[in-house]
Amino acid sequence: MKRRVDYGSLIFLLVFLIMGIFVVDFVRRRVIDMRGLRKEPEIVSVSSDGTEPDEPATTDVTNGAAQSSPRVTDANNSVGLVTDVTTTAAAAPTGDKTISVPANDVHTGNLLLVDSAHPLTSTPATTPFLNITYDHFRLPTKNLTINNEMIEPLVSMFNDFYKVSNFGNTMIYCTMNSTTAAAYSAVIPERLTGLTIDLAVWDDAVSSHTPFTGTDKFAWFPQHAAEYGFVLRFADDKSAITGQPGCTWHYRYVGVPHATYMSAQNLCLEEYLELLKNEHSYEKQHLMVDAGGTSYEVYYYPAAVGATATDVSVPADADYVISGDNLSGYIITLQRGGAAGTTPDTDAAAPETTTTEAIVLDE
């Protein structure tokens, strides 16, 4: 008797065997994955020239784009990623350096606020007019003394005023000295800095002087003084801030970029220093000023409380000047480009006349 083959059972066994193989393979793969033995294909980032980058790219989670990892610090101390130099107009900044500024320097410089509440505690470097070469203005005595920082701009300002006016009888009546003469008897503590001039007008006809009002031909001074670094220190509309009545004859030297900005924005020194401290500190946006073909960058740095010195950050690639404010910090002024100095609009060529000798009068 022939044995009958059960094809149904055979097919069932084959199917069961195949399913068993798949199950075993699936389990094997899962075990390998769980053990970290399974390797993924390596993805290599290639630059546009076909070479592999030296460092791996990092992903910017805000937009999913790959960015290179090095970072730079810009002039405002904000941090950003290095850009592709082939598509960036300007080169990356060279960075800042740190310098140590003595605590006493808070009380030195062209931007000191000196008044009854903030007296001068430093001794400025000064020179008497006896040792200064000058023309085109008068003096009551050559013993008047001024701060060395403003000698050159002062002489230049009066030379250029003479070119447009042919008038050399403007008098520097008072600098660091006090006087009881009418119109000049106001007590002004900042005179001690040597950075101020009180002007008058000498009248040859009566051999006497009259107050300087800054009007008529003398309107040139309030219009152009900032080009030489001078500002009208006490304006009528700022008396509530300065605590000083308007003085049309009292000018203060602060430096060209500061005078330019103060004049353009109608700021007195108190307002300007407050602006720098609150809005243009090192960590914030720096103040940029273009004056006389030169670009300047200005920012404030607070003095370290109770310390003998303060570490101040300045760019390594720019010339800078540091002035204290006589309050709580330092003003850093950077020259970013252009030629130093100014060429004011004199509106006329210098007349072909001999220079006016500065006469000396007994005070």
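Predicted model: local features only at pLDDT ≥ 70, side-chain atom pairs only at ≥ 80, totals over all residues.
1. Contact here means that heavy atoms lie within 4.5 Å of each other.

2. Helix α5 has six residues listed as buried: Val256, Pro257, His258, Ala259, Tyr261 and Met262. The elements that cover these residues include β11 (230-232), α6, β13, β14 and β17. Just past the end of α5, Asn266 has a positive phi of about 55 degrees.

3. Three of the covering elements, β13, β14 and β17, also belong to an open sheet of four strands. The order across this sheet is β13-β14-β17-β16, with antiparallel pairing. β13 (287-291) and β16 (319-324) are the edge strands; each has a single partner, so one side of each has no neighbour in the sheet. On average, and ignoring direction, neighbouring strands in this sheet are turned by 25 degrees against each other.

4. Two helices pack on this sheet. Helix α5 (residues 256-265) touches β13, β14 (294-302) and β17, and its direction makes about 100 degrees with that of β13. Helix α6 (residues 269-279) likewise touches β13, β14 and β17. The direction of α6 makes about 75 degrees with that of β14.

5. How many bridges join β16 to β17? There are six, and the two strands run antiparallel. Strand β17 covers residues 329-337. Within β17, Thr333 is the residue that stands opposite Val321.

6. Is His250 buried or exposed? His250, in strand β12 (residues 250-253), has 0% relative accessibility, so it counts as buried. The cut-off for buried is under 20% relative accessible area. Leaving aside neighbours within four places in sequence, His250 is in contact with Ile188, Glu190, Arg191, Thr196, Ile197, Asp198, Val231, Leu232, Arg233 and Phe234. Val231 and Leu232, among these contacts, fall in the range given for β11 (230-232).

7. Ile11 lies in helix α1 (residues 7-34) and has a relative accessible area of 53%. Because exposed means over 50%, Ile11 counts as exposed. Together with Val15 and Met19, Ile11 makes a nonpolar surface patch of about 300 Å².

Conventions
Residues numbered from 1 in each chain as written. Heavy atoms only, no water. Patch = residues over 30% accessible without salt bridge, like charges linked within 9 Å, V, L, I, M, F, W, Y side chains within 5 Å. Areas by Shrake-Rupley, 256 points an atom, 1.4 Å probe, with all protein chains shown as cover. Salt bridge = Lys/Arg side-chain N within 4 Å of Asp/Glu carboxyl O. Buried < 20%, exposed > 50% of the residue type's maximum accessible area, 1.4 Å probe, protein only. Pairing = 2+ DSSP bridges. Axes fitted to C-alpha atoms, helices over the stretch in contact; angles between N-to-C directions.
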